[in-house]
Amino acid sequence: MEQEYGAVTKEIIGGLQEIVGEKNIIHEDEEKLKEYGRDVLAIILRADYPADVVVKPESTEQVSKIMKLANENKIPVTPRGAGTGLAGAAVPIHGGIILSVERMNKILEIDEVNRVAVVEPGVITNELCKKVDEEGLMYAGYPMSTESSYIGGNVATNAGGGKVIKYGNTMSHILGLEVVLSNGEVIELGGRYRKSTWGYNLLHLMIGSEGTLGIITKVIVNLISATGKTIDLIVPFADTETAVEAVSKVIVSGGVLPEAVEFMDRICLDQSAKHHEVKMPFQDREDVEAYLIIQLSGQSQEELETLYEKAGEVCLENGALDVFVAESRRDSENIWKVREEFGEALRELDPYTFFTSDAVVPFSKIPEMIKEIKRLEEKYKTRIPTVGHIADGNLHSALFKPEDVSVEEWPDIAEGIFDEMIETAVSLGGVGSGEHGVGLLKKETFAKTKPEAELNLMRGIKKVFDPNNILNPGKII
């Protein structure tokens, strides 16, 4: 039975205006409401999820008052960050209120003694990275969307990225949160410390909850010493299996722990390079199927040279066709531009490209997962370009629309393909999402891959935190 929610009446609009001011409310501009009702997934689906009202608070106190008003009137509230999500977690499928944290965008403190920064959820990740770098420090929770994503969104999805192999995903770097619950109550979880066996870990429960348990209003992030010098390598391989084996050898027998190890298949690298009008090493070699991008770090040039010579030697001993070492900052910038910004390049080949998969499998199972992707290409007569954070088993696959499939039927077919990919990942001992989240897109598949006992525990947790089911309803469970 569909849950009934309260309506956003003139009185509710008036109440919201009293809280945040009239200029920080959107409720009559239909185009703006549609814009805020979309994330990247909705844009790909060409779907609209307009809310009844968008509200832009600038303080925890305002968020608390908004939630009290919404809870008393049983109005759904969808928290929204930068809207860069790929799973539909920030779209208001039940209408109601979109609570945008865009005005909560301050870096409140950089505490060098405790090695933490205190930030609001609307801070762009890269702005934090640059600010702490000025102090000789580093925020290592580094998703690939660092230029556009908000810290709050990173926490809500437990985002990862290229540096997970060395530093871990977002959860590894969050020491504390301030959270507003569905009834407006404010709680503080964690703090400026790094060890705790002090009851159930509600901090970790909140990270990755996609706005379904509370609204994050303040984040305490861990900082480490800056890495020093870095260098980037591009290493081509004839096949993915050999590339996977080489990564394992570099880390285990080579004793080299890279900053990042990224995978790109041939079509992704070639098309992205053309899109950005740069020439990549080994781009035209027809004997190459897979590329590794390896970033290494060291405190001195001598240390760096030792590391990249060792990594290069191990790769060549284990099937690499060649090794390119970036000799300039421009070389490195081009390499990472091609890796990080390849989505639009693929859409030049096919404007109906779907890019929402981020399945994770154990590292040793990557070759089997790649074989399954090739099987799906043949089954559905499509092409599935793939990149990934290969060292932690996280693969991102796109889907090109087959010629004989209409634009109207393509979204359903694409979701079916992704469902098959997720089910395969789970059967190989993995999960359906490493960093994008469950959201709306993967909700049904998620439920199919979890035992009922586990789902019931999650439903119970949701009920405790949000008894009226107003916080981002319809997501995850």
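## Basis of the model

The model is predicted, with local features requiring pLDDT of at least 70 and side-chain atom pairs counting only at pLDDT 80 or more, while totals for chains, interfaces and linings use all residues. Residues are numbered from 1 along each chain as its sequence is written, and side-chain values use heavy atoms, leaving out hydrogens and water.

Strands (E, at least two residues) and helices (H or I, at least four) are DSSP runs numbered from the N terminus. Strand 10, residues 215–222, is largely enclosed by the rest of the structure, because seven of its eight residues are buried (under 20% relative accessible area, with a 1.4 Å probe and protein chains only).

Two strands pair if DSSP finds at least two bridges between them. Strand 6 (residues 116–119) pairs with strand 10 in the antiparallel sense over four bridges, with Ala117 opposite Val221. Strand 8 (residues 174–180) is also antiparallel to strand 10, over six bridges, and Val180 faces Ile215 there.

Six strands form an open sheet in the order 15-12-14-13-16-17, with antiparallel pairing. Strand 15 (324–325) and strand 17 (394–397) are the edges; each has a single partner strand, so one side of each lacks a neighbour in the sheet. Strand 12 (residues 229–237) pairs with strand 15 over two bridges, and Leu233 has Val325 as its bridge partner.

## Cysteines

The count of disulfides (pairs of cysteine sulfur atoms within 2.5 Å) is zero. For Cys315, the nearest cysteine sulfur, that of Cys268, is 20 Å away. Cys315 is buried, with a relative accessible area of 1%.

Conventions
Buried means under 20% relative accessible area, exposed over 50%, partly exposed in between (1.4 Å probe, protein chains only).
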